[in-house]
Amino acid sequence: MCGIAGYSLDLDSRVERTVAARALLAGIAERGADAVGYAYRSPESAITVHKQRSGATALLDRIGVPEEASQLLVHVRDYTKGHPSLAANNHPIRHGAVVGIHNGIITNDEVLFDEYGLARAEPGMTVDSEIIFALAEQSRGRTAEALQKLYGSMAAAWLDENRSELLLTRGMGRPLWVGLGKRELFFASTRVALELVESYAGLKLRKSQLEEGTLAAVEHGAIVARDRFHPDLSFEEDPLPAVRAPDEARTCLARRATLHAA
């Protein structure tokens, strides 16, 4: 169980980038404390990635997103496969030109790496999530078809340095909330994260869950394209509690309130 969040903003959006990033991070903090990270992209710039082996509270004060940034990914990790002592296993994960985040478990990742003749991005990597972004890089234009090869649970998002949009996808077994403003799109594993954005960024969002089996392309705060795929619904997973790091949630929310008051 992990937590994912992020945004796509129109360049004219007045949302304070760091304020929104902190609100999203606080809203997903309860979902994991083994590692935390974020990535952002500004127009005509490369993707910047920061990650560390800690819970969300240790990053909250330090997270900083330039006001010209238009895209953001945020992740908290509750590790299952790919030990967090290797930074490359933690999210956001880079595979070639693709940088992404994932909540869920993919059980056939090694099979797919072999089937497609793909190599791991770095020696020693074993994290199952990497296969999503490896397939995304290889199958541009046929990504929905490639996602059908995955066996497991999934909500994911990624940026591609060779494409301008943010990609969102939901397979099965994991939540993915989307909140739409006038010039903004936010997404998160929890509805609470979107409500925190409303509170701290002064927005009103239209909130709904992305449907299972959906791949959405997002630009300038709006969904510009959708594709459908058929996740394998035969996958069965032992139920996991949504709250994996309650202390992180409490301290992160309290610290977020203090930062806003200051």
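A residue is taken as partly exposed when its relative accessible area falls between the buried class, under 20%, and the exposed class, over 50%. In this predicted model, E110 has a relative accessibility of 38% and therefore counts as partly exposed.

Across the whole structure, a search finds 17 salt bridges. One of these joins E110 to R120, with the closest N and O atoms 3.0 Å apart; because E110 lies in helix α3 (residues 109–115) and R120 in the loop between α3 and α4 (130–138), the pair ties together parts that are 10 residues apart in sequence. E110 and R120 also belong to a network of salt bridges that links them with K81, D109 and E130.

In helix α7 (residues 246–261), D247 and R250 are three residues apart, about one turn of the helix, and their side chains meet in a salt bridge with an N to O distance of 2.3 Å. R250 has a relative accessible area of 54% and is therefore exposed.

T57, found in helix α2 (residues 57–60), is partly exposed with a relative accessible area of 24%. Beyond its neighbours within four places in sequence, T57 is in contact with E248, T251 and C252, and a polar contact of 2.8 Å joins the side chains of T57 and T251.

Terms used:
Residues numbered from 1 in each chain as written. Predicted model: local features only at pLDDT ≥ 70, side-chain atom pairs only at ≥ 80, totals over all residues. Heavy atoms only, no water. Helix = DSSP H or I, 4+ residues; strand = E, 2+ residues; numbered from the N terminus. Buried < 20%, exposed > 50% of the residue type's maximum accessible area, 1.4 Å probe, protein only. Contact = heavy atoms within 4.5 Å. Polar contact = N/O pair within 3.5 Å; in protein donor to acceptor, adjacent residues only side chain to side chain. Salt bridge = Lys/Arg side-chain N within 4 Å of Asp/Glu carboxyl O.
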